[in-house]
Amino acid sequence: MPQRARPQPVPPAPGQESVWDYPRPPRLERTPATLEIWLGGERIARTTGGFRVLETSHPPTYYLPKEAFAPGVLERAPGGSVCEWKGEATYWTLRAGDRVEEGAGWSYEQPTAPFAPVAGCVAVYAGRMDECRVNGVRVTPQPGGFYGGWITPEVVGPFKGEPGSWGW
């Protein structure tokens, strides 16, 4: 895959954030936003007690407490990975209605100290759900399928995951 030089950030309009102003290493912050997830035609999660992780060139990744998910939706999935910032990831299969999305969620059960507040919270790939919403606005999944950010009108890119962005 060809790499591109660091792109020109889109200037944010009033009320917007540029992902190019986010820090590296990433920052964790609590969000009062209403976060909702649908799968299999059902709303499977809702919270106003979530977190977002902000990292240079990435749209926010949202983490919801496990209690925000409907009973029976989350099931441990095989495999795992390591994030240089957050630690060892656990994967989750999500089930609802007639849908099963294996490994479509992840959590950090024992994260590194800076990310301790998200211990046990679950993030999901928006592109593998029916839809995800932030404050009632349907999100666009971060491009590329590898990352799990949620794009809303409040954030501007360009975003890591687009073709040619591997070297950013």
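Q: How many bridges join E7 to E8?
A: This is a predicted model, where local features need pLDDT of at least 70, side-chain atom pairs need 80 or more, and totals for chains, interfaces and linings use all residues. Numbering starts from 1 along each chain as its sequence is written, and side-chain values use heavy atoms, leaving out hydrogens and water. E7 covers 74–83 and E8 covers 87–96; strands are DSSP runs of at least two residues, numbered from the N terminus, and they pair if DSSP finds at least two bridges between them. E7 and E8 run antiparallel, and the bridges joining them number seven.

Q: Which residue stands opposite Glu75?
A: Let's follow the E7–E8 pair across. Cys83 faces Gly87 in E8, and a hairpin links E7 to E8 through three residues. For Glu75, the residue standing opposite in E8 is Thr93.

Q: Which are the edge strands of the open sheet?
A: The sheet has four strands in the order E7-E8-E9-E10, with antiparallel pairing. Edge strands here each pair on one side only, and they are E7 and E10 (122–124).

Q: What is the average twist from one strand to the next?
A: We're still in the open sheet with the order E7-E8-E9-E10. Going by N-to-C directions of lines fitted to C-alpha atoms, on a scale from 0 to 180 degrees, the twist averages 35°.

Q: Which strand gives the most to the lining of the largest pocket?
A: A pocket is an open set of points on a 1 Å grid where a 1.4 Å probe fits, with protein on both sides within 12 Å along at least five of seven lines; lining residues come within 4 Å of a point. The largest one holds about 710 Å³ of space, and of its 29 lining residues, Glu55, His58, Lys86, Phe146 and Tyr147 are the closest to its centre. E6 (61–63), E7 and E8 each supply at least two lining residues. With three residues, the one giving the most is E7.

Terms used:
Grid points are joined across faces, edges and corners, and a volume is the space filled by probe spheres set on the points.
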